[in-house]
Amino acid sequence: MGCCDVPGLMPIEDALNAMLSRITSISDTLQLPLAEALGFVLAEDILSPINVPPFDNSAMDGYAVRRDELMLNGPLPVAGKSFAGQPFIGHWPAMTCIRIMTGAQIPTGCDAVIMQEQAQVTEQGIQFSVSEVKANANIRPTGDDIQQGDVVLNKGERLTVRDIPMIATLGVSHVRVFRKPKVAFFSTGDELKPLGEPLQTGQIYDSNRYGIKPLIEKFGCEAIDLGIIPDCPTQLTATFEQAQVQADVVVTSGGVSVGEADYTKDILAELGEIGFWKLAIKPGKPFAFGSLNHAWFCGLPGNPVSAVLTLYVLVQPMLAKLAGHTAWQAPLSIPAITRSRFKKSPGRTDYQRGVYSIENGQFVVESTGNQSSGAFRSMSLANCFVVLEQERGHVEAGETVNIQLFNASLY
């Protein structure tokens with residue numbers, strides 16, 4: 001144990017390793033129409049069945065020519081036209097050119113396309129203003145983008161809005177994917193009130209489920225919202241039993257601290273087992289991980305920032321592995337110069353909310369203000385986490401820190 005380690009608190013890296021070492025990827029697959037496959041993880045490589053483009057085609061609107069006929073410097077009459085979907089067919093007489101449009105098939109014998117801006121229409125034909133034309137100028141050859149048999153996407157990649165049209169260019173109508181993990185979640189606490197209802201003394205609105213659900217969906221999982229469960233052991237036990245039948249992972253918000261009404265940890269011990277509880281992370285120390293009889297369990301702290309942070313930092317990579325998303329990568333750490341002071345005590349890795357910008361090619365960052373785990377406004381204003389190492393203390397303006405830019409799931 002290091003000089004700044006806190007007894008009973010597991011370092012983040014150890015927690016992640018412990019979680020990931022136990023997770024086995026889902027093996028169930030689906031054959032989906034391409035139009036329905038966005039966000040799913042590929043269960044097999046996508047190999048191109050065709051060349052793209054499937055024929056030599058023009059990169060410009062202009063004229064298809066035979067270069068050796070340009071050496072006479074005279075005008076070339078137009079012998080025909082080649083449009084996209086309507087190629088030139090038939091005999092191409094000597095000492096003539098073909099009017100051609102972008103994407104149209106190159107006529108047999110053509111070895112260059114001259115753009116229309118370099119051509120003038122005369123009564124005798126087309127007069128070209130270029131003195132030299134390179135072989136295959138403005139011609140996109142067969143397979144220039146993708147060749148038949150190429151691996152276009154690998155197994156384990158999650159399909160994005162950029163991937164779908166690319167697969168469509170191959171004529172592939174269906175893809176085999178892993179089914180999405182199902183994640184059931186609920187909030188616990190007698191103090192929580194649904195949105196739209198008036199607050200009574202001591203009550204607060206349940207905001208955590210409104211952060212958890214979109215994150216789970218952006219992680220590529222199916223979210224099952226079980227609502228707000230009061231601090232009642234019987235109801236909590238029944239909800240856990242219901243959740244583990246419906247889902248691969250059960251996520252709770254609240255109930256894993258040390259308060260007298262925090263029953264989640266005790267119930268989990270009855271229905272499954274606790275892998276670990278309490279991490280050297282701030283905010284988010286009372287994060288718990290374990291298993292039920294039929295599902296994995298992740299217990300998020302009740303404070304709003306803590307819940308989103310631990311879901312993002314700890315649960316996201318776990319769900320990625322469960323989904324078979326082997327191409328998933330953790331956010332990169334980038335050095336940045338601080339423009340404000342960051343208060344910190346040694347003992348826990350601190351994820352503070354910051355706003356980065358780039359000045360003269362250098363990343364700079366400043367605090368978004370109140371860093372309390374219950375103050376979500378600072379999270380809403382942020383575009384990065386300022387990750388302060390476990391043993392580090394206060395950071396003054398002008399020092400170098402590591403920042404993690406938010407990935408797409410937080411936008």
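I take buried to mean under 20% relative accessible area, exposed over 50%, and partly exposed in between, with a 1.4 Å probe and protein chains only. I note that this is a predicted model, in which local features need pLDDT of at least 70 and side-chain atom pairs count only at pLDDT 80 or more, while totals for chains, interfaces and linings use all residues. Residues are numbered from 1 along each chain as its sequence is written, and side-chain values use heavy atoms, with hydrogens and water left out.

**Domains**

I looked up the domain assignment, whose bounds come from an automatic or database source, and found domain 1 (12-28 + 179-323), domain 2 (30-49 + 149-178), domain 3 (57-140) and domain 4 (333-405). I then turned to domain 1 and domain 4, whose C-alpha centres lie 26 Å apart. Counting contact as heavy atoms within 4.5 Å, I find 15 residues of domain 1 touching 15 residues of domain 4. The two domains bury about 1300 Å² between them, 65% of it on carbon and sulfur atoms, where buried area is the accessible area (1.4 Å probe) that two parts lose on being put together, summed over both. Of the area that domain 1 buries against domain 4, Ala280, Lys282 and Val305 supply 41%, more than any other three residues.

**Salt bridges**

I use the rule that a side-chain nitrogen of Lys or Arg lies within 4 Å of a carboxyl oxygen of Asp or Glu.

I looked at arginine 179 and aspartate 248, whose side chains meet at 2.9 Å, N to O. Arginine 179 sits in the loop between β13 (174-178) and β14 (182-188), and aspartate 248, 69 residues apart from it, in the loop between α4 (233-246) and β18; helices (H or I, at least four residues) and strands (E, at least two) are DSSP runs, numbered from the N terminus. Aspartate 248 counts as buried because its relative accessibility is 17%. Asp28 joins Arg179 and Asp248 in a network of salt bridges.

Next I checked lysine 193 and glutamate 197, a salt bridge at 3.5 Å, N to O. Why does lysine 193 count as buried? Its relative accessibility is 18%, whereas glutamate 197, at 35%, is partly exposed.

**Threonine 252**

I found threonine 252 in strand β18 (residues 249-253), and it counts as buried because its relative accessibility is 0%. Not counting residues up to four places away in sequence, threonine 252 touches Phe186, Phe240, Thr264, Phe297, Cys298, Gly299 and Leu300.
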